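This report describes selected features of a single protein model. Please keep the sequence and the coordinates at hand while reading.

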Amino acid sequence: MSEISSQHIVLIGFAGTGKSTVGKQLASRLGCASTDVDAEIVKREGEEIASIFANRGESAFRAAETEALEAVLSSRETLVVATGGGAVLAPVNRELILRSGFVVALKADPERLIERVSQDPDRPLLQGNVRERTYKLLEERKHAYDFAHLTIDTTSLAVDEVVERIAQAIQR
């Protein structure tokens, strides 16, 4: 792990791009731990994300997200961190992410994203007309992930191919 010293590898991107799945396999490949910020929020808040949105609103969720992100990124051990799709919307979160390590944006074709997320009840921002919501949010966030050091389109790649590309980029 000397090539990234105490930096983290932070995965950003829209819902359904593969951040959590890639994060686990990348951590295994690199011999470090992985963490999912959404899972950290659930653990810290004692409430599922959809429930936080329903009961307390998006602003309460975003505040919890920033707290969880700060806690995860303050770890002294190198982590592969999978963020929630909207974590990058807050400037404070983008700064935290950039300061904390190597940032990889995962993206995918909108129809592939819809296919991946349409049956997931744990994605409160995509409830209702999933196609319409996905296209609307993708448009709103089209430049939100541009600050990444590396961007990978996961549309037609297997998870191990994505992991390999990130591992190679880290070793450069």
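Leaving aside its neighbours within four places in sequence, with which residues is glutamate 40 in contact?

## Basis of the model

This is a predicted model, in which local features need pLDDT of at least 70 and side-chain atom pairs count only at pLDDT 80 or more, while totals for chains, interfaces and linings use all residues. Residues are numbered from 1 along each chain as its sequence is written, and side-chain values use heavy atoms, with hydrogens and water left out.

Glutamate 40 lies in helix H2 (residues 37-45), helices being DSSP runs of H or I with at least four residues and strands runs of E with at least two, numbered from the N terminus. Beyond four places in sequence, glutamate 40 is in contact with Ala68 and Val72, where contact means heavy atoms within 4.5 Å. Because its relative accessible area is 14%, glutamate 40 is buried; the term means under 20%, with exposed over 50% and partly exposed in between, for a 1.4 Å probe and protein chains only.

Glutamate 45 also belongs to helix H2, but it counts as partly exposed, at 27% relative accessibility. Not counting residues up to four places away in sequence, glutamate 45 touches Ile52, Arg56 and Ala64. From glutamate 45 to phenylalanine 61 there are 16 residues in sequence and 9.5 Å in space, C-alpha to C-alpha.

## The aromatic pair

A search of the whole structure finds one aromatic pair. Phenylalanine 53 and phenylalanine 61 form this pair, which is tilted, with 4.9 Å centre to centre and 35 degrees between the planes; rings of Phe, Tyr and Trp (its six-membered ring) pair if their centres lie within 6.5 Å, and planes under 30 degrees apart count as stacked, over 60 as edge-to-face and the rest as tilted. Phenylalanine 53 counts as buried because its relative accessibility is 16%, and phenylalanine 61 counts as buried at 3%.

## Confidence

The mean pLDDT of the protein is 90, and 91% of its residues reach 70 or more; pLDDT is the predictor's confidence in each residue, from 0 to 100. Over residues 1-6 the pLDDT is below 50, although this stretch has eleven contacts in the model beyond near neighbours in sequence. Where pLDDT is low, the predicted coordinates should not be read in detail.
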